[in-house]
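This report walks through selected features of one protein model. It moves from backbone details to helix geometry, then to charged pairs and surface.

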Amino acid sequence: MLLIGIAGGSGSGKTTVVNKLIEALPEDSVSVISQDAYYWDNGSLPQAAKLEINFDHPDAIEWDLLVKHIDMLKNGETIPMPIYTYVTCARSKETISVKPAEVVIVEGILIFTCPELVKRLDIKMFVDTDGDDRLMRIIRRDIMERGRSVNDVLRHYETFVKPMHQQFIEPTKRLADIILPGGFNKVAIDLMASRINMQLNNMSTNL
């Protein structure tokens, strides 16, 4: 199993990179774990408190469960990945079954802040996108998917997203093996896919 971590700031284009890699790799060879699924369940909090949740701080993630699930996948076990909803700030009673695969991609803004996770990753990628571009994507996403107004998005960005990016996310770029510039960069993604395919072939040959 090849374990790949894809990090980068909020709105950097990580999901696009993940999807393009899946398209470029052999069918059914990739499973994806999203850091966002492992936010602590805060569904019982009052609405005012939910608006103050700092989703961009490492303490917002249940890292022990995420690392446990990765270890289970490496041991050939299927995991029950949580389903988290930003609108309610709660985990669903249902889960998503994720099976072991030749390639497991772990993606999320904070994944390189967890040492236990970092040391398990075979390849670490950081999607490095300009702050203005990220903000525009965040505005569109949060209005469409998270039910926020423009004012709510901008306040949240100023209060949480920008300072947490500078404090926690940007410094982890130095841990990356590969830095992908500008979100969707076809040449860089194609090169990355070729590298992964090469490693998969080498792993098959050495079995």
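## Two residues with positive phi

Cys89 sits in the loop between strand 3 (79-85) and strand 4 (90-98). Helices (H or I, at least four residues) and strands (E, at least two) are DSSP runs, numbered from the N terminus. Cys89 has a positive phi of about 60°, although it is not a glycine. Cys89 is buried, at a relative accessible area of 4%. Buried means under 20% relative accessible area, exposed over 50%, and partly exposed in between (1.4 Å probe, protein chains only).

Asp28 also has a positive phi, about 65°, and is not a glycine. Its place is the loop between helix 1 and strand 2 (30-34). Is Asp28 buried or exposed? Asp28 counts as exposed, with 73% relative accessibility.

## Basis of the model

The model is predicted: local features need pLDDT of at least 70, side-chain atom pairs count only at pLDDT 80 or more, and totals for chains, interfaces and linings use all residues. Residues are numbered from 1 along each chain as its sequence is written, and side-chain values use heavy atoms, with hydrogens and water left out.

Helix 6 has 20 residues. Its end C-alpha atoms are only 24 Å apart, short of the 28 Å that a straight helix would reach at 1.5 Å a residue. The expected span is 1.5 Å times one less than the number of residues.

Val161 belongs to helix 6. Val161 is buried, at 6% relative accessibility. Leaving aside neighbours within four places in sequence, Val161 is in contact with Ser10, Asp56, Ile138 and His156. Contact means heavy atoms within 4.5 Å. Val161 and Gly9 are 152 residues apart along the chain, yet their C-alpha atoms are separated by 8.7 Å.

Lys14 lies in helix 1 (residues 14-24). Lys14 is buried, with a relative accessible area of 9%. Its contacts, not counting residues up to four places away in sequence, are Ile6, Ala7, Gly8, Gly9, Glu107, Gly108, Ile109 and Val127. Lys14 and Leu180 are 166 residues apart in sequence and 9.8 Å apart in space, C-alpha to C-alpha.

## Salt bridges

How many salt bridges does a search of the whole structure find? The search finds 12. A salt bridge is a side-chain nitrogen of Lys or Arg within 4 Å of a carboxyl oxygen of Asp or Glu. Arg155 and Glu52 form one, at 3.6 Å, N to O. Arg155 lies in helix 6 and Glu52 in the loop between helix 2 (47-50) and helix 3 (63-74), so the pair ties together parts 103 residues apart in sequence. Arg155 is partly exposed at 34% relative accessibility, and Glu52 is partly exposed at 45%.

Lys173 and Asp128 make another salt bridge, with the closest N and O atoms 3.2 Å apart. This pair links distant parts of the chain: Lys173 is in the loop between helix 6 and strand 7 (178-181), and Asp128 is in strand 6, 45 residues apart. Lys173 is buried at 19% relative accessible area, whereas Asp128 is partly exposed at 28%. Asp142 pairs with Arg141 in a salt bridge, the closest N and O atoms being 2.9 Å apart. Asp142 is buried, with a relative accessible area of 2%. Salt bridges that share partners also join Asp71, Glu116, Lys119 and Arg120 into one network.

## A nonpolar surface patch

Ile143, Met144, Val150 and Leu154 make a nonpolar surface patch of about 380 Å². Patches are made of residues with over 30% relative accessible area and no salt bridge; like charges are joined within 9 Å, nonpolar side chains (Val, Leu, Ile, Met, Phe, Trp, Tyr) within 5 Å. Accessible areas come from the Shrake-Rupley method with a 1.4 Å probe, and for residues only the protein chains shown count as cover.

Helix 5 (131-145) and helix 6 (150-169) each supply at least two residues of the patch. Leu154 lies in helix 6. Leu154 is partly exposed, with a relative accessible area of 38%.
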